[in-house]
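I opened this model to look up how its chains are built and where they meet. My entries follow in the order in which I made them.

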Amino acid sequence: MIIEKVFNKWILLFLFTIPVFGFVFEEPYYITLTTKVVILGIAGIGLNLALGYCGLISFGHAAFFGLGGYVTGILSFHALNSELMFSWPFVSSGSSDMLVIWPIVILSSAFLALIIGLLSLRTTGVYFIMITLAFAQMLYFFAISWPNYGGEDGLSIYMRNSLPIINTMDPLTFYFICLFWLLVVIFISAKLINSSFGMAFQAIKQNEERVKSVGIETFKVKLLVFVISGTITGLAGSLYTDLNRFISPSVLNWQMSGEIMIFVILGGIARLYGPIVGAAFFIVIEQTLGGYTENWQFWLGLILILEILYVRTGILSLFEKKFKYEK
Amino acid sequence: MKNKILNIKNLSKSYGAFKVTDEITIDLHFDEIHALIGPNGAGKSTLIKQIVGSVKHDIGSIILDQEDITDLTDVERAKIGISRTFQVSSIIPQFSAIDNIVLSLLDKSSKTFQLFKSIKNNKDLYSNAKKILKEIELSEKSDISASDLSHGDRRKLEVGLALAMDPKVFLFDEPMAGLDESGTKMMINLFKKIKTNSPILLIEHDMDAVFALADRVSVINYGKIVATGTVDEIRKNELVRDVYLGYEI
Amino acid sequence: MKKFTTTLAALLILGSTSSFADGHKVKVGMITTLSGGGSGLGIDVRDGFMLAVKGNKNISVITKDDQRKPDIAVQLADKMIQSDKVDVLTGIIWSNLAMAVVPATVNQGKFYLSPNAGPSKLAGKGCHKNYFNVAWQNDNLHEAAGGYANSAGFKNSFILAPNYPAGKDALTGYKRYFKGSLAGEIYTKLGQKDYAAEIAQIRASGADSVFFFLPGGMGIGFMKQFSQSGIKLPVVGPAFSFDQGILKAVGDAALGVKNTSQWSKDIVNDANKKFVKDFESEYGRLPSLYASQGYDTGKLLISAMSKAKVKDKDKFRDALRKADFSSTRGKFSFDKNHHPIQDIYVREVIKEGKILTNKIVSVGLKDHSNAYVSECKM
Amino acid sequence: MTSILFFEQLLNGIQFGTMLFLMSAGLTLIFGVMGLINLAHGSFYMIGAFSAALIASLTGSFWLALLASLSGAAIAGVLIEIFIIRRLYRRDHLDQVLATFALILLLSEGVRWCFGAFPLYLDIPENLNGTLPILDDIIYSKYRLFIIFMGLLIAAGLYILITKTRLGVRIRAGQNDRQMISALGIDISKLYTIVFALGASLAGLAGAMIGAIQSVEVGMGEPILILAFVVIVIGGIGSIKGALIGSILVGVTDTIGRIFLPEFLKVFMEPASATSVGSSIGSMLIYILMALILIIKPSGLFGKT
């Protein structure tokens with residue numbers, strides 16, 4: 001544990017310095033890449049709460065990622081074209097202000113997670129995996145064939161949404177906005193994990209029947225975890241739309257759910273910093289291998305398999321093993 | 001009626017043609033330990049599962065402290081005061097012993113969850129948990145993770161979890177299975193002490209313990225209660241001898 | 001005289017490489033699909049382009065795989081613009097990826113030359129002075145199919161396409177030129193490969209012809225199943241489902257089918273002859289439609305480079321707009337919205353020995369532009 | 001909408017369903033016996049199709065190609081089981097998901113490496129080309145009838161295998177209690193390899209039979225993999241009977257839904273938007289079906305609770 005904590009500090013240090021290097025040496029692409037790591041890390045931290053800490057293996061978190069992305073895209077699209085979004089129950093013509101967009105993203109992701117959670121949490125095991133996938137696929141096919149917001153072509157918003165005073169179009173500034181959210185999300189997750197609520201949901205992962213027998217409504221606990229988890233992932237989706245200034249149904253695809261899941265498993269499940277490490281590892285491999293060979297996915301597959309077979313419990317566990325019994 | 005804390009009437013459950021419990025009527029008085037004995041597969045554990053509500057029974061009623069709890073869910077029953085142990089130790093493996101107890105104290109300690117307050121800083125909870133660990137003689141092992149505990153210690157912890165809930169009745173499913181002599185002795189003393197607060201329905205194979213502890217004994221076979229009475233009455237019962245051939249009664 | 005000018009031009013170019021090296025160099029960023037399903041198209045575009053610029057020391061090309069994911073394409077575009085400082089971007093195959101990348105790219109003052117996708121938005125309201133489409137506007141081939149349907153005397157067509165924007169554009173394009181009535185109009189699920197249900201509907205509809213736009217594996221499945229169904233209706237479609245890369249997978253089911261294309265390997269002109277010959281000797285396979293588009297894109301770029309420096313944006317743009325290169329398609333010019341004016345041919349699938357390929361049978365639409373020119377304010 | 005058309009569409013749905021059954025039977029067996037979530041099952045579908053296309057192009061025989069699809073997928077299955085999958089049985093579902101997801105990348109790119117990026121050619125045999133009149137007015141594709149026939153044949157074969165043979169006894173024992181089969185002195189690792197290869201070869205056969213009328217290309221396995229998962233979840237995981245019924249249900253719902261939903265909506269809406277809305281809902285239909293079934297029966301139709 002000791003080593004993992006030190007390593008986590010290093011991760012934070014890296015996250016603060018790499019983009020600054022990118023800025024100084026005029027390699028802004030490294031800022032973009034690190035921003036991507038941070039955003040996907042946030043999505044992964046969201047999933048990790050449900051999957052890693054509570055044992056809710058959701059194969060449908062792309063639904064929240066995509067919803068957050070689409071809410072952002074749609075609000076900003078209307079603001080850009082000054083088209084009315086709807087006139088009932090109140091008049092709205094969208095917004096391109098992040099301070100307006102974020103709360104709406106958070107509320108709508110939470111609402112979607114509540115609905116999906118209410119329906120899905122009746123099932124367990126593989127059934128839960130598949131029913132969450134089913135809901136995400138429904139949204140995916142809906143988004144593809146819904147013409148108003150571009151369908152398969154997606155939706156370009158051209159300009160990043162704005163904040164008062166700050167220039168969000170500047171890569172480094174936008175990066176620090178994302179990093180701010182990452183820190184907030186890590187902080188919230190850490191607090192949750194160490195609370196009595198956290199004790200309950202971590203216990204549920206290990207032995208749900210026992211938790212029921214001590215008088216805890218496990219359904220409600222799981223539902224709340226699922227909602228928080230979906231909300232965090234939805235927020236990441238919003239930032240991702242702003243990073244690319246573009247949103248399309250591809251982020252709702254099951255492969256997206258799979259990728260978020262891979263970040264979590266790769267970094268080490270139920271480890272606070274795991275998803276960041278997983279996302280960083282994945283993206284670095286993708287970038288370096290992609291530069292050498294067309295068949296980089298072959299090698300990526302091979303590396304992932306070796307990781308699972310030999311490292312077993314995620315990259316971060318490498319920094320823990322030796323000290324396991326000193327807790 | 002008044003002296004009965006738990007009253008179960010005509011509880012039946014069948015899977016197809018197979019009746020796991022067949023019109024079971026059994027009750028639990030204040031201050032007593034009521035032992036439930038019978039051969040393996042007689043339906044003892046299934047009966048416990050139906051009382052706590054993790055298995056839904058087909059017909060019959062369950063009354064706890066003059067309140068009909070037949071339609072309540074398992075969690076609701078646990079909340080109003082039914083506490084159980086499992087036949088096979090069922091604890092939270094990656095939690096330390098004390099955290100297991102704290103988990104069990106959560107429901108009683110506050111109505112709602114604290115989302116952001118660190119539980120480790122909750123001194124009251126942890127000092128209460130320590131008291132319970134002391135009762136089950138696990139004080140020294142409070143920080144050991146439950147999966148690293150010995151079998152006997154896990155049985156104790158299991159009972160500790162039930163204790164922590166401070167319920168109206170205890171349902172203990174073979175709490176002494178696999179315990180050594182000193183462990184059994186500790187349990188017997190403990191049960192004698194706690195039964196005045198909350199009576200115990202006890203499933204146990206260790207007949208010495210049963211006869212040392214029980215105020216009343218019921219014998220179950222093929223899902224039916226075949227006899228109920230004091231220890232002496234049961235010892236003398238011919239029918240019970242048939243059921244329990246091989247046991248020295 | 002001609003000889004003299006070319007020599008002079010060659011001298012000038014040679015001279016410029018040494019003395020004004022920087023000004024005449026162009027850095028090209030190619031974002032295309034090189035892995036996963038649909039990578040065949042990307043590989044052909046890349047190979048065609050690389051063939052065109054082969055040996056040209058003033059052009060350096062950075063190629064990256066977009067995995068057919070729009071978000072990856074956007075990030076690659078960011079990288080190429082920010083870090084690699086490219087002057088020109090090209091390569092994107094799919095309309096949805098183009099919609100994601102092109103607007104931001106051209107707004108940042110970079111040129112984008114589209115070797116394949118031509119979504120209507122980028123031709124109409126969303127047109128941009130720095131965006132040039134070297135292939136076609138998406139509707140073009142479908143419009144030509146509609147035109148062909150009239151000349152073939154079809155009166156009652158059954159039309160189908162996948163349920164996504166390009167599919168809707170396709171059916172709109174066909175209907176824009178087709179004068180007959182519709183026996184049925186179906187949008188299928190994107191990625192669907194089994195068309196038994198749709199074919200049953202076609203059979204029951206009383207149509208006299210079928211038009212379909214089902215790119216990639218979707219079209220292979222449809223053609224095979226349609227030919228097995230025993231329905232003898234004439235089929236017409238855009239070239240995508242009958243192109244060189246894909247024909248051998250469709251097999252004899254495609255024989256005799258009419259398809260519309262702006263290019264075919266039997267178009268008679270010097271540029272095309274050279275292209276087909278060079279491509280075959282370089283890569284050991286017959287070139288496809290996509291390869292020709294990649295090749296033309298490369299040639300267009302070279303033609304503009306010989307007229308202006310890329311840093312001088314206005315001059316370079318004018319040079320591009322002139323389209324002063326010998327296209328494999330023969331006559332080629334840009335309309336006001338920077339989309340091609342070109343002939344669209346009707347081809348028929350035939351067998352050359354054992355190899356399936358296409359032969360031009362007629363010109364579907366002559367000097368054809370697109371329907372969005374008037375919407376483009378440029 | 002005539003009843004003839006409806007009947008033909010019903011047949012189409014059943015044909016689609018029988019194909020799904022070949023995929024999902026293996027998937028559900030592998031899950032039931034070994035407890036393995038195998039995302040790479042779609043890769044065997046692809047490997048079967050490519051093996052068939054290769055052999056067909058060398059020999060020109062469709063039947064040899066079918067044989068090649070069975071054996072090609074089975075060989076790949078055995079190798080992958082021995083070198084990779086075997087180490088995953090004791091792992092939790094998450095490790096299995098990640099490892100088999102990685103296998104998809106590995107196998108897809110591997111196949112593309114060997115065969116190139118363009119689709120391959122595989123056609124049906126001449127004597128199955130064309131149509132056959134069945135009943136009065138209905139004509140139906142011979143090859144599709146052949147697919148239905150093969151699907152039912154294999155369903156019957158699996159039934160006999162599982163209920164009447166020694167291997168079947170072992171498989172059932174494995175489904176009920178993994179400890180028991182080792183207690184019975186059965187070589188588990190051999191049994192697991194056999195079951196895995198059996199599942200892989202069924203998927204390979206499906207790939208070849210479908211590849212012949214659709215397309216043989218990299219990435220063909222993933223869409224059908226997701227559908228197969230939908231099927232086994234609807235049917236109840238581990239249940240072959242559930243897989244069969246789930247397959248037919250999904251096949252028929254998908255086919256009938258996507259054709260008749262737009263027609264149905266035209267009653268209320270203008271045709272253009274009915275076509276568009278109907279197609280959207282049509283493509284979501286099987287997921288809606290699955291969600292509904294799971295909400296009512298959380299362990300699928302025939303799953304153990």
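**Entry 1: chain C and its domains**

I began with the domain assignment of chain C, which gives domain 1 (2-136 + 266-334) and domain 2 (140-261 + 344-375); such bounds come from an automatic or database domain assignment. I note for all entries that this is a predicted model, in which local features need pLDDT of at least 70 and side-chain atom pairs count only at pLDDT 80 or more, while totals for chains, interfaces and linings use all residues. Residues are numbered from 1 along each chain as its sequence is written, and chains are lettered from A and ligands numbered from 1 in the order in which they are written.

Taken over C-alpha atoms, the centres of domain 1 of chain C and domain 2 of chain C are separated by 28 Å. The contact between them takes 15 residues from domain 1 of chain C and 17 residues from domain 2 of chain C, where two residues are in contact if their C-beta atoms, placed from the backbone, lie within 7 Å. On the side of domain 1 of chain C that touches domain 2 of chain C, helix H3 (39-53) and helix H6 (120-123) of chain C each supply at least two residues; helices (H or I, at least four residues) and strands (E, at least two) are DSSP runs, numbered from the N terminus. By class I find 6 nonpolar, 6 polar and 3 charged residues on that side of domain 1 of chain C, with Ala, Val, Leu, Ile, Met, Phe, Trp, Tyr, Cys and Pro counted as nonpolar, Asp, Glu, Lys and Arg as charged, and the others, Gly among them, as polar.

**Entry 2: chain B**

I then looked up chain B, which has 9 helices and 10 strands, and whose C-alpha trace spans about 55 × 40 × 35 Å along its principal axes. With 249 residues, a compact globule would have a radius of gyration near 18 Å, and chain B, at 18 Å, agrees; the radius is taken over C-alpha atoms, and the globule rule is 2.2 Å times the number of residues to the power 0.38. Buried residues make up 43% of the 249 residues in chain B, a residue being buried if 20 or more other C-beta atoms lie within 10 Å of its own, exposed if 12 or fewer, and partly exposed in between, with C-beta atoms placed from the backbone.

For chain B the assignment gives domain 1 (1-81 + 171-244) and domain 2 (91-166), and their C-alpha centres lie 26 Å apart. Their contact takes 10 residues from domain 1 of chain B and 10 residues from domain 2 of chain B. Helix H6 (residues 181-194) of chain B gives the largest share of the domain 1 side, 5 residues.

In chain A I find 12 helices and 2 strands, running from the N terminus as α-α-α-α-α-β-α-α-α-α-β-α-α-α. The radius of gyration of chain A is 20 Å, close to the 20 Å of the globule rule for 327 residues, so chain A is as compact as a globular protein of that length. Of the 327 residues of chain A, 58% count as buried.

The contact of chain B with chain A takes 29 residues from chain B and 19 residues from chain A. Helix H2 (74-80) and helix H3 (97-109) of chain B are the elements that give two or more residues to the chain B side, and H3(B) gives the most, with 6 residues. That side divides into 16 nonpolar, 6 polar and 7 charged residues.

I also checked which chains chain B does not touch: no contact joins chain B and chain C, whose closest C-alpha atoms lie 36 Å apart, and chain B and chain D do not touch either, their nearest C-alpha atoms being 12 Å apart.

**Entry 3: chain D**

The contact of chain D with chain A takes 36 residues from chain D and 33 residues from chain A. Helix H4 (93-115), helix H9 (221-235) and helix H11 (271-296) of chain D are the elements that give two or more residues to the chain D side, and H4(D) gives the most, with 14 residues. By class that side has 25 nonpolar, 8 polar and 3 charged residues.

Last I followed helix H10 (residues 240-265) of chain D, whose 26 residues reach 36 Å from the first C-alpha to the last, close to the 38 Å expected at 1.5 Å a residue; the expected span is 1.5 Å times one less than the number of residues. A kink of about 35° in H10(D) is centred on Gly257(D), the bend at a residue being the angle between axes fitted to the seven residues ending there and the seven starting there. Because 19 of the 26 residues of H10(D) are buried, H10(D) is largely enclosed by the rest of the structure.
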